[in-house]
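Subject: Structure for you to look at

Hello,

Here is the structure I promised to pass on. Please open it alongside this note; my findings follow below.

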Amino acid sequence: MKKKPAAFLDRDGVINYDYGFIKKFEDFEFRPGVIKGLQYLKKKKFTIFIVTNQSGIARGLFTEKDLKLLHNKLRKVLMKNRIKLDEIKYSPYHPKGIIKKYTKQHRSRKPENLMIKQLIKKFPIDINKSFMIGDRLSDEKCAKKSKIYFEYAKKNFYFQIKNILKKI
């Protein structure tokens, strides 16, 4: 199977504005250029992943079910714009959580890179043509461990994507 380039995208602060712990799609607001940028990635035959820490689950602020509902609505909105996300990976863990089963340090939680390793194993990814966009040091460290080109989120997602594709 032919390997394809992939975009590994953090969610909060990259796809949507980070207003703290977002538990409902009604609180989800796309950042500038995201729809156009994702359409452009699809046109360029990129595999698109969201890799996101969601410690609000460990902290008892929302449930995995709440998160899955939010992600299902996100997928539907994106599909209406002809964008299919290949997969959304999330880490519900946090060492200072209050929900016992999620209260731990876990290799899926960025800056660790288990989510990316799992995606690379599951999909035919060309790492050398792939990239990651995040908004935190933990995202950058995760990308570095995975040997993936990284940039911090810039003001307009679409323009950033176009610039990244010129570099990689």
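The largest nonpolar core has 27 residues. Leu9, Leu38, Leu41 and Phe131 make the most contacts inside this core. Bear in mind that this is a predicted model.

Strand 1 (6–9), helix 1 (34–43), strand 2, helix 2, strand 4 and helix 5 (157–167) each supply at least two residues. Helix 5 gives the most, with five residues.

Take a look at leucine 9. Not counting residues up to four places away in sequence, Leu9 touches Val14, Ile15, Leu38, Ile48, Phe49, Ile50, Val51, Phe131, Ile133 and Phe157.

There is also a second, separate core of 14 residues. Met115, Phe123, Ala143 and Phe150 are among its members.

Five strands form an open sheet in the order 3-2-1-4-5, and the pairing is parallel. Strand 3 (87–91) and strand 5 (149–152) stand at the edges. Each has a single partner strand, so one side of each is left without a neighbour in the sheet. On average, neighbouring strands are turned by 20° against each other, direction ignored.

Strand 2 (residues 47–53) runs parallel to strand 3, and five bridges join the two.

Helix 2 (residues 64–80) lies across strand 2 and strand 3, at about 155° to strand 3. Helix 4 (residues 137–145) lies across strand 4 (131–134) and strand 5, at about 170° to strand 5.

Best wishes

Key. Residues are numbered from 1 along each chain as its sequence is written. This is a predicted model: local features need pLDDT of at least 70, side-chain atom pairs count only at pLDDT 80 or more; totals for chains, interfaces and linings use all residues. Side-chain values use heavy atoms; hydrogens and water are left out. Two strands pair if DSSP finds at least two bridges between them. Helices (H or I, at least four residues) and strands (E, at least two) are DSSP runs, numbered from the N terminus. Axes are lines fitted to C-alpha atoms, for helices over the stretch in contact, and angles run from 0 to 180 degrees between N-to-C directions. Contact means heavy atoms within 4.5 Å. A nonpolar core is a set of buried Ala, Val, Leu, Ile, Met, Phe, Trp, Tyr and Cys residues joined through side-chain atoms within 4.5 Å. Buried means under 20% relative accessible area, exposed over 50%, partly exposed in between (1.4 Å probe, protein chains only).
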